[in-house]
Amino acid sequence: GERRSGAGRVSCEDSAWSPVSDGRCMGSKVRTAVLLILPLLAHALRTASSGDGLSPPMNEDGGDVPFGRPLRAQFLLADGFTNFNHGSFGSVPRIVIEQQRAFTEQMEARPDVWFREAYFPLIDEARRMLAEYVNAPVDDLVMVENASGGVNSVLRSIDFSGGGIILYFSEAYNMVKFTAKWVAATNPGVVALEVPLGDAFPDGGDASILEPLRAALASNIGKVRLVIFSHITSVPGVILPVKEMMAACRDPSLYGTGVAPLVLVDGAHALGQIPIDIKDLDPDFYVANAHKWLYSPKGSAFLYVRKSVQEGLSPEPPVISSSGKRDFVGRFEYTGSRDYTAFAAVPAAFRFRASLGDAKINEYITALARWAGVMLAERWGTRVIGPPHMQGFMFNVELPTNSSSDAVEMQARLARDYDVCALSLQLGGLQGVVYTRLSAQVYLERADFEELAVLVPKILREIQAEK
């Protein structure tokens with residue numbers, strides 16, 4: 001891992017080095033420790049003096065910043081832009097981005113210190129905080145770039161040589177469908193089975209998904225190897241009864257005399273939106289994005305794998321690195337030379353949440369979503385899609401049109417003419433209900449949704465008048 005040149009000097013041979021080696025290239029252990037601690041200490045002093053994530057956001061007069069439009073200054077959203085689609089990509093608070101930027105500068109200032117030493121305690125702290133937040137054993141939780149990476153790690157690690165069924169629902173995120181179909185196409189005897197939820201979903205409540213799940217399991221007793229379902233579906237955005245779905249998957253009458261199917265819960269939208277209790281839920285796998293509702297930077301997510309499953313499955317990250325570590329956490333903590341600052345900034349997202357109050361965030365966004373859904377449905381003469389107990393920070397409202405093409409054009413004009421982002425979607429087949437999935441958030445308030453209530457029918461009337 002080192003070579004001598006000149007008068008006995010020691011230099012690095014990158015191709016032969018592991019980034020988790022003992023840091024011989026850095027000189028003495030003391031020098032390494034000093035180089036590691038000084039930039040961290042300097043940044044801590046800067047952030048403490050500036051209130052960077054360690055105290056609540058303040059107005060110029062020293063008062064707390066209220067929720068709604070006054071809080072937009074704490075985010076990087078463009079002036080005049082109204083974002084009703086937080087659920088797709090999230091929005092990161094300024095103080096979290098500043099923390100990530102500080103880590104980037106630290107990484108580039110002394111790359112060897114960062115990649116061999118400084119990064120690892122930071123990711124350990126991120127994992128610890130995430131594990132505590134979702135009530136999971138910290139050694140069973142690892143960081144991944146996004147839920148898609150976690151799902152791919154799981155599906156590519158399962159031994160499907162004996163064939164079997166990968167079961168998922170018609171409302172699954174496309175990434176899940178595509179990955180399951182790829183596994184089926186590359187493993188003889190494996191079938192990717194999509195279970196249609198039908199017209200009853202989601203207005204039919206919990207039964208509209210539990211009944212199709214039980215029917216699919218009963219029709220394929222002993223054949224289902226893996227079941228994948230969302231904690232919160234993407235479109236429409238509704239909360240699923242995951243506890244009851246887990247029970248169905250482990251009901252012996254639905255899987256026969258063999259082994260119960262493995263269960264992967266796609267919690268891409270759940271982290272920071274609804275409580276997650278991994279120990280109570282007890283899935284085999286759980287993935288969740290931190291960049292959506294937790295306020296962490298893009299490229300931060302986690303994968304949980306139950307201990308007993310780890311021992312028989314040996315899940316691998318999408319990239320197998322040079323670290324040589326073979327334990328579950330070690331395999332995922334370093335996946336080559338790349339930017340890990342999003343992982344390292346996860347604690348800053350938790351500090352931002354703490355500055356506002358986790359319970360207050362929940363209370364404000366939930367109340368705003370419930371009020372906005374009812375208000376928009378009344379103004380448009382339509383309805384909120386799905387029962388209240390399946391609604392979180394995202395909610396779905398039928399649009400005042402039955403034309404999907406008009407709805408798509410309306411979405412484009414909202415963005416072009418008013419700098420407003422709101423999705424237009426269709427539920428069911430070609431004659432299905434046209435609706436919008438909206439996100440409430442701490443930087444939005446009632447006035448924003450009242451403006452949307454006026455804009456949508458106005459634009460739709462203009463589109464009709466042009467025909």
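**Close-ups of a predicted model**

**View 1. Helix H8 and what its buried side touches.** The residues of H8 (242-249) that are buried are Val242, Met245, Met246, Ala248 and Cys249. Look down the helix axis and these buried residues fall within an arc of 160°, so they line one face of H8.

**View 2. The seven-stranded sheet.** Follow the strands across and you get E4-E10-E9-E8-E7-E5-E6, an open sheet with mixed pairing. At the edges stand E4 (141-144) and E6 (190-195); each has a single partner strand, so one side of each is left without a neighbour in the sheet. On average, neighbouring strands here are turned by 20° against each other, direction ignored.

**View 3. Zooming in on E5 and E6.** These two strands pair in the parallel sense, with six bridges between them. Look for Ile166, which stands opposite Ala192 in E6.

**View 4. Helix H4 over the sheet.** H4 (residues 111-134) lies across E4 and E10 (301-305). Relative to E4, helix H4 runs at about 120°.

**View 5. Where H3 meets H14.** H3 (residues 94-109) and H14 (residues 346-356) pack with their axes 9 Å apart, at an angle of about 155°. Angles over 145 degrees count as roughly antiparallel, and H3 and H14 are therefore roughly antiparallel to each other. Their crossing is right-handed. On the H3 side, the contact is made by Ile95, Val96 and Gln99; H14 brings Ala348, Ala349, Arg351 and Phe352.

Definitions and conventions:
Residues numbered from 1 in each chain as written. Predicted model: local features only at pLDDT ≥ 70, side-chain atom pairs only at ≥ 80, totals over all residues. Heavy atoms only, no water. Buried < 20%, exposed > 50% of the residue type's maximum accessible area, 1.4 Å probe, protein only. Helix = DSSP H or I, 4+ residues; strand = E, 2+ residues; numbered from the N terminus. Arc of directions from axis to C-beta. Pairing = 2+ DSSP bridges. Axes fitted to C-alpha atoms, helices over the stretch in contact; angles between N-to-C directions. Contact = heavy atoms within 4.5 Å. Parallel < 35°, antiparallel > 145°, perpendicular 65-115°, else oblique. Left-handed = near helix turned anticlockwise from the far one by under 90°.
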